[in-house]
Structure formats: structure tokens, C-alpha cells
Amino acid sequence: MAGSCTLPLSYKIQNSFVPSLCISKASPAFPMRTSTQFPSRFLTHACFKSKSTTLSVSAAGTSFTWDDVLRISQPESLPDDPSDISGFFQKVKICNRGSEKQSEFLPFVIEDEIVGYLHNGDDSYGGRIGAHVTLHPMLGKPEDRTGAVGDVVKCLGEELIPGIRNELYPVKSSFGSRVFFSLERAAAPYFGIKAYGVQMNGYIERNGQKLLWIGKRSQGKATYPGMLDQLVAGGLPHGIACGENLVKECEEEAGIPRSIANEAIPVGAVSYMDIDGYRYKRDVLFCYDLKLPESFRPENQDGEVDSFKLIPARHVANVIRRTQFFKPNCSLVIIDFLFRHGYMKPEHFGYLDLLQSLRSGDCS
């Protein structure tokens, strides 16, 4: 990479990315093979300086304690109709913002396959049929692409891509397809790549009702600090299968031994598409259920969870309907759990629409 990371950002981008990335109109799928060097202004400070998307507790309107959660979860705490599922629709909407802004993004294409989307900056190319972003042909191997794009992410740094964690996500057009290169996890939304994760509802059964273990995220988390979360959740990094990744996350986040974690049941997936500023999130979350022994008590091992509470599933549903206490995508996974375990009824107005909305993103 040319240039030091201490140089002005525009210079760094120009000298590190120009040899690697191009705006093209190419290939049978993307007609007209004319190509220009990728303009440095595309990744300037203004382009990547998006609005804050970290929904912190304060941004949600208040800070809260477990006492607040338990109080508002009680059916009698607010005079509302339990069959009113409009609050669930609101949570789905939060995860699926900005569909009207899709035209502001150019396809990110490698070997004639769309692997992501990049914001078009000043819209110089947005109106041209077939315009897209691609890597330079000299970057023909996955490891070369990983290195070139990784150098740019390093130069952009925490100021422009917050939450860098040195964890690589595979870049591919769909879940089962080949990997074109790997990208820093925190940078995934800025490149519009499809990101996959695993999220697990851990529950017990007592006196005929289900109770969910809920986590409260550490205040030190870079994203959504202090908010409510699934018992276990994590992104799916490069080179590990979903089931094995879930077992690893079970140990790290809740101290669940492999002998118990192996009993988790895959139950489907939810998906969403969220455009906010220059971020284009296209996420698919593989959902798991794990029935735990009543004697089990979760213990966080990696410092990412502050504490846990066991709450009746019906009461968790009230927290989702009435508050913004949960990390947004966790609400989708729990709503899916509520459908599958009979807490949602076809008699509830909007039942089918809500069910369908849990897979609003490209589930491929």
C-alpha cells in the first residue's frame, strides 16, 4: 500500500485504493466494458461519515435497569390489548429502514456476481445503466483481494468504521456460494456485503410455561451497550460452520458446556435490510432454540454480557412491544420464537403480515 496512514485521508484513499477498485460498466450481466479508476472522493471522509447508527440506551430515550424491565413486562403495568401486535411491527420496521434509498448504491461486483453495494457518493454514476463497482483485475486471488481491501479498512480506522474487531467475514453472493475474499466484520455494512449470524433462544419450561434467559449487554460494548440481548448470539466468521460457531458462542457468552450446547435445535432464519446513511446492512440470522435444565445458570466468559435474567416468554413479548430495550435484531429472533411456540395467534390482526416481515431481507 502506498502512503502512510498518518497522511490526510484523501491522499491515503487515493494511493491505497485507486490501484484496486474501479467503477465499471462491464460483463454480460453488466453491459459495456469501459472502466475508470475508482475516484478517491468515493471513500472520502464525507462519504463514510454516516449518521450514528448505534442505538444506545440514551438514544432509545432512557437508561434502564432490570427492575425497569421486570416492571414494564408485567401485563398489568400498562392498560393495553395483548392481541395488539402493532408494537412488533414497529420493531421489524426499525431493522428495515431506507428501502427507498437503494438507488443511491452501486452494485459491488466480482466475477460477474453481486457481492455487495457501495454508496455512490455524489451520484456521478448512479444514472448509468450497468454501472457498478469492481476490484482491479490484478487482484485475482481471494487472499490478494482480502489484503488490498483490508489495507483500506485499516487506513480508514475507527473514526470512519467504528467497532473494528479484527474478525473477518466471508464475502460471497449467497450463503452456499464460494468466497471471493474476506472483509473486516465492522466494515461489512459499508461494503453492503451479506452478513450471517447465529442467535439462540435459551429457555426452560416450568409449570407449563416457557421462560427465556435474557442477557443485558455490557456498557463497554462498541454497539448497543447496555441493551437486552439473546442468551447467545454472534456473527458467523470465515471458516467456521454455523453449528460449531454456536457451540463456541455458547461457551463464551453464557458458559454453556458443549455437552448441552450440542442439543440446540436449528429452527430457521430471519433476515432484514437496513440502509442508513452510507451503511447497507443485508443480514441473515440463523435461529436456534435450546431447552436448558432448570438448574442451569448462565455465566458470561468474555466480558460482553453484564448480567442475565430468566423472564416468562409472555413478559418478554411485552418488553418488545412496549420498549426499545432490546438490541433491534434480537426482537426479530424472539418474535420468531413467539410464533413457533404458540404465543402468536392467527386471530391477532396482522398475523400473516408480521410472520412474513421477519424475512424482509434477501434470505439467500
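1. Confidence of the model. pLDDT is the predictor's confidence in each residue, on a scale from 0 to 100, and in this predicted model the chain averages a pLDDT of 84, with 81% of the residues scoring at least 70. Local features here need pLDDT of at least 70 and side-chain atom pairs count only at pLDDT 80 or more, while totals for chains, interfaces and linings use all residues. Residues are numbered from 1 along each chain as its sequence is written, and side-chain values use heavy atoms, with hydrogens and water left out.

2. Segments to read with caution. Over residues 1–19 the pLDDT stays under 50, and the model has 36 contacts for them beyond four places in sequence, a contact being heavy atoms within 4.5 Å. Residues 25–61 likewise have a pLDDT that stays under 50, and for this stretch the model has 105 contacts beyond four places in sequence.

3. Overall architecture. The chain contains 11 helices and 14 strands, where helices (H or I, at least four residues) and strands (E, at least two) are DSSP runs numbered from the N terminus. Of its 364 residues, 54% count as buried; buried means under 20% relative accessible area, exposed means over 50%, and partly exposed lies in between, with a 1.4 Å probe and protein chains only. When contacts between residues at least 6 apart in sequence are taken, 71% of them join residues at least 24 apart.

4. Because Y117 lies in strand 4 (residues 113–119) and Y280 in strand 13, the pair ties together parts that are 163 residues apart in sequence. F105, Y117 and Y280 form one aromatic cluster, and within it Y280 has a relative accessible area of 3%.

5. I110 is placed in strand 3 and counts as buried because its relative accessibility is 3%. Apart from its neighbours within four places in sequence, I110 is in contact with V115, L135, R145, F180 and F181. I110 and K172, 62 residues apart in sequence, are 9.1 Å apart in space, C-alpha to C-alpha.

6. Backbone angles to check. Most residues other than glycine have a negative phi. In the loop between strand 3 and strand 4, where E111 is found, the phi of E111 is near 50 degrees, a positive value in a residue other than glycine. D112 lies in the loop between strand 3 and strand 4 as well, and its phi, near 65 degrees, is again a positive value in a residue other than glycine. E111 counts as partly exposed because its relative accessibility is 42%, and D112 is partly exposed with a relative accessible area of 41%.

7. E184, in strand 7 (residues 181–184), is buried yet has no salt bridge, and the nearest side chain of opposite charge, R165, is 4.9 Å away. The side chain of E184 does reach the backbone nitrogen of N166, at 2.9 Å, and that of E167, at 3.4 Å. Leaving aside neighbours within four places in sequence, the residues in contact with E184 are V153, G163, I164, R165, N166, E167 and L168.

8. Helix 9. This helix (residues 313–322) is mostly covered, with 9 of its 10 residues buried, including A313, H315, R321 and R322. The buried residues of helix 9 pack against helix 3 (66–73), helix 4 (86–95), strand 9 (209–217), strand 10 (228–229), strand 14 (305–312) and helix 10 (328–340).

Terms used
Lys, Arg positive; Asp, Glu negative; His and termini not counted. Salt bridge = Lys/Arg side-chain N within 4 Å of Asp/Glu carboxyl O. Polar contact = N/O pair within 3.5 Å; in protein donor to acceptor, adjacent residues only side chain to side chain. Phe/Tyr/Trp six-rings, centres within 6.5 Å; stacked < 30°, edge-to-face > 60°.
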